[in-house]
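Please find below some notes on the chain you sent over.

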Amino acid sequence: MTLPDETTSLHYDWNTPRPRRSVIDVADVTLCDAPQSPSVVDPGQRDKRRLLSLMPGLGVRSAALGHPGSGPRQFADALDLARELVRAQWPIDASCTARAAVKDIAHVLDVRERSGLDLEAAIAVAISPVRLAAEGITLDMTHEVAERSVSFALCAGVRVTGVLEDASRTPPEHLADFVRHMLDLGVSAIRVCDSAGHLTPDGTRSLLRFVTQLVRLRSGRPVRIEWQGQNDRGMALANALAAVDSGVDRVLASALGLGERSGTVAMEQLLVNLRLSGHWPHTLAGLVEYCDSAAVSFGVAIPFGAPVVGRDAFRTGTAARATALVKALRSSDRALADHVGSAVPAGLVGAETQVDVTPMSGLSNVRWWLAQHGYDASDVLLMREMLLAVKLAQRAATDEELRTMADSLLDARAVRA
């Protein structure tokens with residue numbers, strides 16, 4: 001029996017069916033957002049180029065290269081990445097982020113000119129009352145700053161994305177006014193941001209319906225609508241999927257969700273959910289390597305239980321689940337085994353389902369391990385002795401520990417005989 005990647009006739013799907021879209025663009029903002037976390041290491045250029053090189057293999061076609069106006073190091077890194085894209089000819093539409101200041105945008109233009117890459121400028125403007133109050137500026141002043149910076153970039157022939165920071169906490173009349181202003185200036189895209197991680201999925205849909213209608217009514221040309229959300233309430237992924245359902249053209253995500261405060265949408269979780277819902281046709285076999293590379297580069301540890309790429313994501317040590325899993329594995333039906341215990345098939349991301357021996361295990365776990373490592377899997381006494389030893393240790397045993405355990409028990413038995 002062969003089971004497809006995304007779905008199987010062996011389980012009922014209670015998820016609400018959604019119309020499938022042939023295209024959804026995901027922009028990788030790891031190189032731009034991850035360094036904003038106070039707890040990470042800012043990688044060197046070689047590590048950043050490595051991460052960039054892994055994006056095309058996942059089907060990612062858009063990426064942010066950083067904030068070149070933030071300092072000499074940030075400028076040098078963005079320029080190096082832009083030159084690497086030109087050299088490698090990867091199919092990635094690249095952008096650099098800039099504050100709404102001519103000085104910042106000038107650095108983006110410099111990277112563009114010196115690299116020869118057709119960079120887009122993502123110009124960020126804070127528009128919510130709380131941000132304006134904190135910065136001591138008025139909405140009229142914000143309009144003036146936005147007009148000056150966007151016009152400067154457009155006059156230089158650069159494509160511009162108008163980044164509406166904290167749009168999720170902005171009153172409708174102010175938001176509408178600013179969206180219209182951006183469209184009239186001639187931006188290529190509008191990025192709607194939940195900068196403080198404020199929204200729920202319902203709020204995301206309401207906000208995007210409002211913005212989408214504004215764009216359609218105001219603009220007589222194609223304007224891309226993007227979504228970027230933070231994870232302060234733990235809803236970044238749910239909100240991103242709600243944004244996809246709402247018809248946005250592009251969603252932004254970062255490897256492991258790295259970003260300021262509690263981070264942003266985790267790229268690995270977003271891509272897997274898009275694949276399972278039919279929105280992402282690309283292979284995800286390189287997803288684990290991509291996340292491992294990000295973890296090493298930024299000096300962070302991937303939690304054991306992290307979905308998709310955590311060490312325990314496709315491991316089971318409990319007796320009940322292992323029994324069903326072992327039977328599926330014995331049938332040599334890898335797809336069936338992948339679907340027994342997880343909604344995410346291990347093979348989807350190039351991983352394998354694993355049966356461990358832990359204090360929660362039963363004899364079936366040990367029997368499977370013995371069979372896979374060349375021991376007599378019918379030796380019930382050996383299985384019982386090994387299982388007892390693991391339970392007394394109160395933690396999962398490694399392959400090396402199990403091998404030492406089995407050899408010692410068999411040697412002791414031989415001596416007694």
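1. A pocket, on a 1 Å grid over the protein atoms alone, is an open set of points with protein on both sides within 12 Å along at least five of seven lines, and its lining residues have an atom within 4 Å of a point. Grid points are joined across faces, edges and corners, and a volume is the space filled by probe spheres set on the points. The second largest pocket has a volume of about 560 Å³.

2. This is a predicted model, in which local features need pLDDT of at least 70 and side-chain atom pairs count only at pLDDT 80 or more, while totals for chains, interfaces and linings use all residues. Residues are numbered from 1 along each chain as its sequence is written, and side-chain values use heavy atoms, with hydrogens and water left out.

3. The lining of the second largest pocket comprises 32 residues, and Gln-36, His-67, Ala-124, Glu-165 and Glu-260 are those nearest its centre. At least two lining residues each come from helix H1 (30-33) and from strands E3 (93-99), E4 (120-126), E5 (159-165), E6 (189-194) and E7 (224-229). Helices (H or I, at least four residues) and strands (E, at least two) are DSSP runs, numbered from the N terminus.

4. Is Thr-97 buried or exposed? Thr-97, in strand E3, is buried because its relative accessible area is 14%; buried means under 20%, exposed over 50% and partly exposed in between, with a 1.4 Å probe and protein chains only. Beyond its neighbours within four places in sequence, Thr-97 is in contact (heavy atoms within 4.5 Å) with Cys-32, Gly-66, His-67, Pro-68, Val-108 and Ala-122.

5. A cavity is a set of grid points where a 1.4 Å probe fits but cannot get out. The whole structure holds 1 cavity of 30 Å³ or more, and the largest cavity has a volume of about 60 Å³. Its lining includes Asp-93, Glu-120, Arg-191 and Arg-250. Strand E2 (62-64), E3 and strand E8 (250-253) give two or more residues each to this lining.

6. For the chain overall, there are 16 helices and 10 strands, and the C-alpha trace spans about 90 × 45 × 40 Å along its principal axes. Of the 417 residues, 49% are buried. Among contacts with a separation of 6 or more, 75% join residues 24 or more positions apart.
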